[in-house]
Amino acid sequence: MKPRHKRLLLILAALAVLGVAAALVLNAFRSNLVFFYTPTQIANGEAPKNRAFRIGGLVKSGSLKRDGITAHFIVTDTAREFTVQYTGILPDLFREGRGVVAQGKLGDNGQFVATEVLAKHDENYMPPEAKNAVEQAQKAAKTLKQ
Amino acid sequence: MSTSLINWFKFASPASFYPLAGRLIPWFAAATLLLAAAGLWVGLAVAPTDAQQGEGYRIIFVHVPASWMSMFIYCIMAFWSALGLSFNTRLSGMMTSALAPTGALFAFLSLWTGSLWGKPMWGAWWVWDARLTSQLILFFLYLGFIALQAAIDDPRRADKAGAILALVGVVNVPIIYFSVQWWNTLHQGASVSMTKAPSMAHTMLLGMLLMALAFWAYTITMALTRVRCIILERELTSEWVKKNAME
């Protein structure tokens, strides 16, 4: 083996060790790296108590109620759900049935009082006509099942 | 008879790479202009409006290619660094330094356009989620690399120190890429990936790929231009530069 091949091997080995170390560190900090907690995680007591955190999930269809500039809506991950109360302007992409991330505290009554609401959108991009077609196809599939 | 048609080691010498780079630059510069014009035309004029985000999504045609490029350039820098450290080729270090400013530019562009996109869509300029934070670290790695190289006077030693930083930092690239899969993030998942069909309309995808190719061509143009300057600077006293400068 030539010295230059030895050096290359040494570099690759060092990179592999570094990669494993990074993987272990990130794994250890896994719980600190999440941006939000899902309703199921909160229900299981994984979210921090007495401290602000973020809840993330879908806005339940038909759950949005407005009272002046205070909005009430339900965040669900289809398994568990929490009511969120927020006073302020909701982002443009905030819609029922869409993703949302709210920052705030969980009150004693089980209601989440948010200080900030962010809209989370998905990675699908399509023209409105295509979206209508997709929605109609889904509706048709539903009626077929019934 | 040689087994390979091109003798790669010939072009590992700055003296023979200098004229080759000079000949390649105009082609890549022309490709940059053509591809960017086509990409912007498809992206801004041909691609349809998005059902969710309206016209605002069009920033994707700069944001995504810039982000891809910022990650890819760092990998290339790490590749040249590994080559330079093990084979002791002078050109490797020069290529690494030549790529760094363009990489930093794309990392900045990615953060900047992302911020402009985040405010109207998410409702925040910046959030500390895993994707955004790791991309910010990449930007700092580029700045750190440039600063480290600038701080060391001896170019060979600067190359070595920079190469180690580039190699250590490359661990961050897969973290950026997979952050949206590994953790809950506000940033959405990848629309285009190796493992599934792209989740966007075809013309949108075409515009994005054209812009990505334009950024590739731009990167090559800039890197070659910059490496020629670095070669001249470092080999100022050598015979071939004196001859070349006389022309």
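## Confidence

pLDDT is the predictor's confidence in each residue, from 0 to 100. Chain B of this predicted model has a mean pLDDT of 89, with 95% of its residues at 70 or more. The model's ipTM is 0.78 and its pTM is 0.87. Where pLDDT is low, predicted coordinates should not be read in detail.

Residues are numbered from 1 along each chain as its sequence is written, while chains are lettered from A and ligands numbered from 1 in the order in which they are written. As the model is predicted, local features need pLDDT of at least 70, side-chain atom pairs count only at pLDDT 80 or more, and totals for chains, interfaces and linings use all residues.

## Chain A

Chain A splits into domain 1 (1-33) and domain 2 (35-120). These bounds come from an automatic or database domain assignment. Taken over C-alpha atoms, the centres of domain 1 and domain 2 of chain A are 40 Å apart.

Helix α1 of chain A covers residues 3-28, 26 residues in all. Helices are DSSP runs (H or I, at least four residues), numbered from the N terminus. From first C-alpha to last, α1(A) reaches 37 Å, close to the 38 Å expected at 1.5 Å a residue. That expected span is 1.5 Å times one less than the number of residues.

## The A–B contact

Chain B gives 35 residues to the contact and chain A gives 31. Two residues are in contact if their C-beta atoms, placed from the backbone, lie within 7 Å. On the side of chain B that touches chain A, α2 (60-87), α3 (90-121) and α5 (155-169) each supply at least two residues. The largest share, four residues, comes from α2(B).
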